[in-house]
Amino acid sequence: MNYQQTVQYLYDSAPLFQQKGAGAYKPGLDTTLALDKHLGHPHRFYPTIHVGGTNGKGSCCHTIAAMLQAAGLRVGLYTSPHLVDFRERIRINGKMMPKQYVVDFVEEHRSFFEPLHPSFFELTTALAMQYFSSEGVDIAVIEVGLGGRIDCTNIITPLLSVVTNISLDHTALLGNTPEAIAREKAGIFKAGIPALVGETDAHTRPIFEEIAKHVGAPLFFAEDTPEIIKAEVGKDGLMHYETLHYGKLQGALTGLPQARNAETILHAVQLLNNISPAGVLTLENVRQGFLHVCDWTGLMGRWQRIEECPDLILDTGHNAGGWAYLSQQLNTLAERTDAHLHCVLGFAGDKDVDAILPLLPAKATYYLARASVDRAMPSDVLATHFQQRTLDIKTFPNVADALSAARNAACPADTIFVGGSTFVVADALVSINRE
């Protein structure tokens, strides 16, 4: 098989949560442990950093990886989902794994894993762990896939465990209260391993404290000792931070949640500088990591401006927690008197759209589309939710058509926003890349 055939084989043979949702979720670690044993426990050959949480974990993973790269380390980075190319999930120093490695891994190990019927994520995780080991990385940053306690990445014993925050998402699998979700996310805490939590509230903080005490993990809360003094987007299009211990920093990520993410990241740096055998991250490493995170790690879809006149902005935020920030930025754009806001939106079928609707600006045109995955909500069904408010809506069968309509309608001073789902952003990027 060639690369495309191999990736299609993986999609067809293993349930993919990105496509199927809860039907692709396999609770428990038995299959992961079997794969890990078969491969010789590859994750034991390099130190790791484990990052979970509802929102912001991707930005945190990529920024920490960029800082480690700035320190001269060979850094593995495992994140999900991908947007355009499957190999976006598995990188070393920002470079995607070779296509041939994917082909060779499947050919060599398929006779073992086929009888196990692993999920797509279980198989992908095993592939990532093996690749990082075979390439001799100095350290790997590992993003939790879903939850934490029984996520298949949870076989690692990291240098540091990080939980960014808690919001209601994947409630059918993780629980329908913040406390229940926090309990699942805190499942990555390990005995004797420092655990850092970025944001809490009165409901979730006691859960983190309880679980950390139970497993014997030293626990730290970023919010207890704020590092960020001020954060604002400058005229140069960068996020400008004033900090207590790192002076002034410039960040390539400019979405409103990034100030909270930066708080978590800087506290992670402090902890890593105390415990990491890989060396100390210097002030210059931190500065370079914030500034070059997108260029060095390939991060996409975080308030990403990819075109100008009109501005075309992509963001993968897809739950109520993410929209709490996105809505502030969209409302600011919508209030401009000299321009109009066009929003290309779609959602997965399991999202609570009604909780997001009140956050959306009234002064905008909405182009509702269905992404090209089974989980996507049909645009006509989505329209019934939007009709609860007097919003200007248009429906389209796919993202490419919706984006084309928005572009045709937009003036140079306008803004086109694409989001609501990772899948919508992915379809938009595919459409743009085909031009």
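Mentor: Happy to. Let's begin at Pro81, which lies in the loop between β2 (75-78) and β3 (90-92). The peptide bond that joins Ser80 and Pro81 is cis, with omega about -10°. Keep in mind that this is a predicted model.

Trainee: Where is Pro310, and which peptide bond there is cis?

Mentor: Pro310 is in the loop between β12 (304-307) and β13 (311-314). The cis bond runs from Cys309 to Pro310, and omega is near 0°.

Trainee: Is Trp303 buried or exposed?

Mentor: Trp303 is buried, because its relative accessible area is 9% and the cut-off for buried is under 20%. His41, at 22%, is partly exposed.

Trainee: Switching to strands: which side chains of β10 are on its covered face?

Mentor: Met239, Tyr241 and Thr243 are on the covered face of β10 (residues 239-243), while His240 and Glu242 are on the uncovered one. In a regular strand, side chains alternate between the two faces of the sheet.

Trainee: How many bridges pair β9 with β10?

Mentor: There are 5, and β9 (residues 228-233) pairs with β10 in the antiparallel sense. One of the bridge partners to look at is Met239 in β10, which goes with Val233. Their hairpin has 5 residues between the strands, and Gly237 takes a positive phi there, near 80°.

Trainee: What joins β10 to β11?

Mentor: Those strands are joined by 4 bridges and run antiparallel, with β11 covering residues 248-251. His240 stands opposite Gln250 in β11. In this hairpin there are 4 residues between the strands, and Gly247 takes a positive phi near 65°.

Trainee: Now the aromatics. How many aromatic pairs are there in the whole structure?

Mentor: A search finds 13. Among them is Trp323 with Phe347, a tilted pair at 6.3 Å centre to centre with 40° between the planes. Trp323 is in helix α12 (residues 320-334) and Phe347 is in the loop between β14 (341-345) and α13 (353-356), so the pair links parts of the chain 24 residues apart. Both residues are buried.

Trainee: What about Tyr367 and Phe396?

Mentor: That pair is stacked, 6.1 Å centre to centre with 25° between the planes. Tyr367 sits in strand β15 (residues 365-369) and Phe396 in strand β16 (residues 392-396), 29 residues apart. Tyr367 is buried, with a relative accessible area of 1%, and Phe396 is buried at 16%.

Trainee: Which residues do ring pairs link into a cluster?

Mentor: Tyr46, Tyr101, Tyr131 and Phe132.

Trainee: Last one: which ring has the charged end of Arg205 over it?

Mentor: The ring of Phe221, with the charged end 3.8 Å from its centre. Have a look at Arg87 as well, which lies over the face of Tyr3 at 5.5 Å from the ring centre.

Conventions
Residues are numbered from 1 along each chain as its sequence is written. This is a predicted model: local features need pLDDT of at least 70, side-chain atom pairs count only at pLDDT 80 or more; totals for chains, interfaces and linings use all residues. Side-chain values use heavy atoms; hydrogens and water are left out. Rings of Phe, Tyr and Trp (its six-membered ring) pair if their centres lie within 6.5 Å; planes under 30 degrees apart count as stacked, over 60 as edge-to-face and the rest as tilted. Helices (H or I, at least four residues) and strands (E, at least two) are DSSP runs, numbered from the N terminus. Buried means under 20% relative accessible area, exposed over 50%, partly exposed in between (1.4 Å probe, protein chains only). A charge sits over a ring if NZ of Lys or CZ of Arg is within 6 Å of the ring centre and within 35 degrees of the ring normal. Two strands pair if DSSP finds at least two bridges between them.
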